[in-house]
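Reader: I'd like to learn how to read a model like this one, feature by feature. Could you walk me through it?

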Amino acid sequence: MHDQERRTRARTRPRHARPAKPWLTNLRTAFLIAFPLLLAWALIPAGAKPGQEPAGTATAAPTSDAVRQVAKAPRPATPTTRPRRPATTSPATTRATATTRPKPRTTAAPTTATPPPASVSTAERLARDLFERLNAERRARDLAELDWDNDLARMAAQWSARMARTGDFSHRDLGAAGGLPGIGRFSALGENIAWVEGYPSMGYQLHFGWMRSAGHRANQLQPGFDTVGIAVVCDGGRAWATQNFGRLDSSRAPAMTSATPPEDPIVALRSDGVHC
């Protein structure tokens with residue numbers, strides 16, 4: 001009886017599992033969690049993974065940064081392929097009269113001469129070309145031609161060279177120009193400036209741009225001026241041009257006027273292919 005009871009109890013007593021080590025259980029659990037995730041990550045295409053870009057692409061600069069770069073970009077120094085108008089200041093005309101203050105007279109001989117001959121540098125050829133175009137416009141309007149003045153030309157050459165050297169496109173202070181050599185002979189002064197690049201005929205483009213501008217045209221067609229000096233400086237394919245106009249103290253030209261002459265007709269429109 002007792003043996004039978006012990007065997008029955010032995011069959012019905014629950015069997016306990018062998019105690020497992022805790023670290024092994026934790027390792028198995030971690031593997032069961034991590035393995036599916038690793039498998040899924042491996043099957044995702046590289047271009048779709050967060051934080052990665054598809055092969056062969058580049059990061060684009062923010063639009064705002066690109067706009068700032070364009071705004072700060074300097075004017076191109078290389079010739080352009082598309083014609084553009086010459087750059088000029090506004091207002092284009094700067095006049096300084098000496099009639100409101102005493103001005104010393106000079107007994108120096110006039111320096112009126114002819115412009116540079118054609119067999120010279122490109123810059124000098126452009127200066128001569130601008131001089132001829134200017135007087136052609138005056139003749140077409142029954143105005144007296146302007147005489148070439150070496151002192152005004154020297155003044156213009158210094159200013160064109162300064163603009164080319166510094167890149168500072170601005171007018172000279174004509175009120176202070178009376179102290180320059182030979183300039184004390186003038187009771188009135190005027191100035192036109194411009195630069196162009198990339199044109200096959202720079203003399204045409206400079207002249208046409210000045211004639212299309214009211215202030216520049218007023219200087220070129222001013223009845224009260226009797227002399228002019230013109231200079232061009234070529235630098236890196238760009239032509240920097242200055243026209244300095246003068247009225248001599250002993251001038252017999254008509255009185256200075258503030259009227260702006262009409263633009264048309266512009267007659268000096270030949271294209272000669274001279275460029276820096």
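Reader: How does Asp168 count by relative accessibility?
Author: Asp168 has 34% relative accessibility and so counts as partly exposed. This is a predicted model, where local features need pLDDT of at least 70 and side-chain atom pairs count only at pLDDT 80 or more, while totals for chains, interfaces and linings use all residues. Residues are numbered from 1 along each chain as its sequence is written, and side-chain values use heavy atoms, with hydrogens and water left out.

Reader: With which residue does Asp168 form a salt bridge?
Author: Side chains of opposite charge can pair when their charged atoms come close. Here the test is a side-chain nitrogen of Lys or Arg within 4 Å of a carboxyl oxygen of Asp or Glu. Asp168 pairs with Arg162, and their closest N and O atoms are 3.5 Å apart. Arg162 is partly exposed too, at 27% relative accessibility.

Reader: How many salt bridges does this rule count?
Author: The count is 13 salt bridges. One of them links Arg212 and Glu263, with 2.9 Å between the closest N and O atoms. Arg212 sits in helix H6 (residues 202-212) and Glu263 in the segment after strand E6 (238-248), so this pair ties together parts that are 51 residues apart in sequence. Helices (H or I, at least four residues) and strands (E, at least two) are DSSP runs, numbered from the N terminus. Both partners are partly exposed: Arg212 has a relative accessible area of 33%, and Glu263 has 24%. There is also a network, in which salt bridges that share partners join Arg128, Asp129, Glu132, Arg133, Arg270 and Asp272.

Reader: How far apart along helix H4 are Arg128 and Glu132?
Author: An α-helix has 3.6 residues a turn, so residues three or four places apart point the same way. Arg128 and Glu132 are 4 residues apart in helix H4, which means about one helical turn separates them. They form a salt bridge whose closest N and O atoms are 3.1 Å apart. Arg128 is partly exposed at 27%, as is Glu132 at 34%.

Reader: Back to H6: why is it largely enclosed by the rest of the structure?
Author: Because 8 of the 11 residues of H6 are buried. Among them are Leu206, His207, Trp210 and Met211. For packing, a contact means heavy atoms within 4.5 Å. The buried residues of H6 pack against H4, strand E4 (186-197), helix H7 (214-220) and E6.

Reader: And Ser160, is that residue buried or exposed?
Author: Ser160 is buried, with 0% relative accessibility. Its place is helix H5 (residues 150-166). Apart from neighbours within four places in sequence, Ser160 is in contact with Ala231, Val233, Trp240, Ala241 and Thr242.

Reader: Where is Arg141?
Author: Arg141 is in the loop between helix H4 (122-140) and strand E3 (147-149). Not counting residues up to four places away in sequence, Arg141 touches several residues, including Met211, Leu221, Glu263 and Pro265. Pro261 is 120 residues from Arg141 in sequence, yet their C-alpha atoms are 9.6 Å apart. In the loop between H4 and E3 we also find Asp142, whose phi is near 60°, a positive value in a residue other than glycine. Asp142 is exposed, with a relative accessible area of 74%.

Reader: Which peptide bond is cis?
Author: The bond from Asp264 to Pro265 is cis, with omega near 0°. Pro265 lies in the segment after E6.

Reader: Last topic: which residues line the second largest cavity?
Author: Rolling a probe the size of a water molecule over the atoms shows where empty space is left. A cavity is a set of points, on a 1 Å grid over the protein atoms alone, where a 1.4 Å probe fits but cannot get out, and lining residues have an atom within 4 Å of a point. The lining of the second largest cavity is Asp151, Arg154, Met155, Gln158, Leu180, Pro181 and Ile183. The volume of the second largest cavity is about 50 Å³, a volume being the space filled by probe spheres set on the points, which are joined across faces, edges and corners.

Methods: On a 1 Å grid over the protein atoms alone, a cavity is a set of points where a 1.4 Å probe fits but cannot get out, and a pocket is an open set with protein on both sides within 12 Å along at least five of seven lines; lining residues have an atom within 4 Å of a point. Buried means under 20% relative accessible area, exposed over 50%, partly exposed in between (1.4 Å probe, protein chains only).
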